[in-house]
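Here is a friendly note to read alongside the structure. Please keep the 3D view open and turn to each spot as it comes up.

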Amino acid sequence: MRYQQTFIPTLRQDPTEAEVVSHRLLVRAGMIRQVARGIYDFLPLGLRAVRKVEAIVREEMNRAGAQEILMPAICPAELWQESGRWDLYGKELLRIKDRHERDFCFGPTHEEVVTDLVRREVHSYRDLPLNLYQIQVKFRDEMRPRFGLMRGREFIMKDAYSFDATFADAQRAYHNMYTTYERIFDRCGLRYRPVEADTGAIGGTLSHEFQVLADSGEDAIVSCTTCGYAANAEKAELRPASAAPPPDCSSAPVKGLQKVSTPDQRTVEEVSRFLGEPPERFVKTLVYVTDTGAVIAALVRGDHELSEAKLKQALGCQWVTLADEETVVAASGAPLGFAGPLGMKADSMIADWALRGAKGLVCGANERDAHYIGLDQPRDLPYLRFADLRRAGAGDPCPRCPEGVFAAYRGIEVGQTFYLGTKYSAAMRATYLDARGQHHPLEMGCYGIGITRTVAAAIEQHHDDNGIVWPLPLAPATVHIVPVNWNDPTIRQTAEALYTQLLAAGVEVLLDDRDERPGVKFKDADLIGLPLRVTIGAKTLARHVVELKRRAEPHATEVPVGHIVETLVAASKGDVSA
């Protein structure tokens, strides 16, 4: 690539709408431009990085025995209605009508479409196993698209679907995809961690997220310091013993239940300061609505956060969502901020283990400007059902080993694997005949990788104050040739010769052939962040050397002109000693 012939509109200032590093640097480096909220153009260098991720994914999926197909982006509503997700998926599903007023959606994922394909073509156990994948543009109508490519509405995803005859075969397929994902993210040059995860709107009974570790990550993850168990904080298991109330709570003197005035004090923090009671003495009463329309009161300790994934699992429902104000008032008889478990008119009430046996608690009184003190769970709420409902955090004991505790990290989810079982095949009657001629629903798994999100995650993990620091496998090009003075015939001829030789050797190169000041070229080179920069100047050429600087290292080294090609060829193949 020649700089003057490539569309690279770099910017000196940060875009005002950018909230995270990857968004800021992708825009400044001339790699993406926003078309609408959460929807982006990919410019030449940005698209080249996307294609690098796609190539790695495609090679490893093919190596794992999956076969590439391409399904339509626009999907008929009938298939989603068959699976039951048309009404359950929510507003993220972009629903559209054609000119005949027939319902369609822009596919955010393709379980229904691929299940329909397979049920029409696969009839016998002899046709199995089967793993089909595609790399395609998806659309999810996020309520608050943000963070550039990390949470956009339109994005590129690899989605794969496995079909097997038995549970054991499906587990082998799942493990095959799990190890394939490890190879993919290893090849991408990323620091990542697979963690147990909630299945969300996809469904199923087993799932792992592949989280790129970065301080800017949206997801909280925890990992045992001893045994290596890791999970999304929403999903991570907690032992009942680890959730027991603290001594100062369980041994608090029982004064009897008393109603106290708390004018305009709604949150745990406000009431805690007002009453002089620590947050761990409080009961947070959260009102939820399930997919069946049931109103649920979920109770957690005041210093804990509720995990909606765990609540959904404990209730055995498809989804839960916080109730609106009208529902909360109808259930509690009080405005928001004053709900409590005593007298709550909910269809069901469930509490976190940390509240079992607790005494001396504070809770809302289901009355404006009032709270109860002296709540005794065994005495006042003996009927409570308990479950693991809270988000895990640093320092919590590991549930899988006796000595380990959790360490906390931030992560960016770039891939997720799901064992679906027969969730879709049973609903859509996708069956096969076994050797005895009997029908069985297909065992399924699905496996997604956010291609464009992986590009953003790589930048979140690999950058400095000057710009992007591309991992070698994902870089839009490998070598950036920077002639200090393009108008100097000797410098220009040396740069042109190096450019030609590297291209002939199969090395991807960007030649800065602009008539620009050296400072401008160096700033753009750091901003774009290609792994290797060769600077050609008059003083170094007079000594028959050029400067080679690795983007990830602070200092340049001098390399003889006669050896620079072989040095760059070796470095482009990952030889760090070159």
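1. Let us begin at a loop. His544 sits in the loop that runs between α16 (538-542) and β30 (545-550). Its phi is near 65 degrees, which is a positive value in a residue other than glycine. Is His544 buried or exposed? With a relative accessible area of 60%, His544 is exposed.

2. Before going further, a word on confidence. What you are looking at is a predicted model. The mean pLDDT of the protein chain is 93, and 96% of its residues reach 70 or more. Over residues 241-252, however, the pLDDT is below 50. That stretch still has 25 contacts in the model beyond near neighbours in sequence. Please read residues 241-252 with their pLDDT of below 50 in mind.

3. Asp264 is another loop residue to look at, placed between β13 (258-261) and α8 (268-275). Here phi is near 60 degrees, again a positive value in a residue other than glycine. Asp264 has 60% relative accessibility, so it counts as exposed.

4. Which residue is joined to Pro129 by a cis peptide bond? The partner is Leu128, and omega of this bond is about 0 degrees. To find the spot, look in the loop between α5 (111-121) and β7 (130-139), where Pro129 lies.

5. Now to the helix pairs, starting with α2 (residues 44-63) and α6 (residues 167-187). These two pack at an angle of about 150 degrees, and their axes are 10 Å apart. An angle over 145 degrees counts as roughly antiparallel, and α2 and α6 are therefore roughly antiparallel to each other. Their crossing is right-handed. On the α2 side, the contact is made by Ile56, Val57, Glu59, Glu60, Met61 and Arg63. On the α6 side, the residues are Met177, Thr180, Arg183, Ile184 and Arg187. By class, the contact of α2 with α6 holds five nonpolar, one polar and five charged residues.

6. A second pair is formed by α14 (residues 489-504) and α17 (residues 564-572). The angle between them is about 40 degrees, with the axes 10 Å apart. That makes α14 oblique to α17. The crossing of α14 past α17 is right-handed. Which residues meet here? Leu498, Gln501 and Leu502 come from α14, while α17 brings Ile564, Val565, Leu568 and Val569. This contact of α14 with α17 counts six nonpolar residues, one polar residue and no charged ones.

7. Stay with α17 for a moment. Its buried residues are Ile564, Val565, Thr567, Leu568, Val569 and Ala571. What do they pack against? Their partners are α14, together with the strands β27 (479-483), β29 (532-536), β30 and β31 (557-560). β30 is also the strand at one end of the loop that holds His544. Just after α17, Gly574 takes a positive phi of about 90 degrees.

8. Helix α13 (residues 451-461) deserves a look of its own. How many of its residues are buried? The count is 11 of the 11, so α13 is largely enclosed by the rest of the structure. Among these buried residues are Arg453, Glu460 and Gln461, as well as Ile451, Val455 and Ile459.

9. Not counting residues up to four places away in sequence, Thr454 touches Val53, Phe185, Leu190, Val414 and Ile449.

10. Finally, turn to Val320, whose place is in strand β16 (residues 320-322). Is Val320 buried or exposed? The relative accessibility is 10%, so Val320 counts as buried. Leaving aside neighbours within four places in sequence, its contacts are Tyr288, Val289, Thr290, Glu308, Leu311, Lys312 and Leu315. Val320 and Ala294 are 26 residues apart in sequence, and their C-alpha atoms are 9.5 Å apart in space.

Methods
Residues numbered from 1 in each chain as written. Predicted model: local features only at pLDDT ≥ 70, side-chain atom pairs only at ≥ 80, totals over all residues. Heavy atoms only, no water. Axes fitted to C-alpha atoms, helices over the stretch in contact; angles between N-to-C directions. Helix = DSSP H or I, 4+ residues; strand = E, 2+ residues; numbered from the N terminus. Parallel < 35°, antiparallel > 145°, perpendicular 65-115°, else oblique. Left-handed = near helix turned anticlockwise from the far one by under 90°. Contact = heavy atoms within 4.5 Å. Nonpolar A, V, L, I, M, F, W, Y, C, P; charged D, E, K, R; others polar. pLDDT = per-residue confidence, 0-100. Buried < 20%, exposed > 50% of the residue type's maximum accessible area, 1.4 Å probe, protein only.
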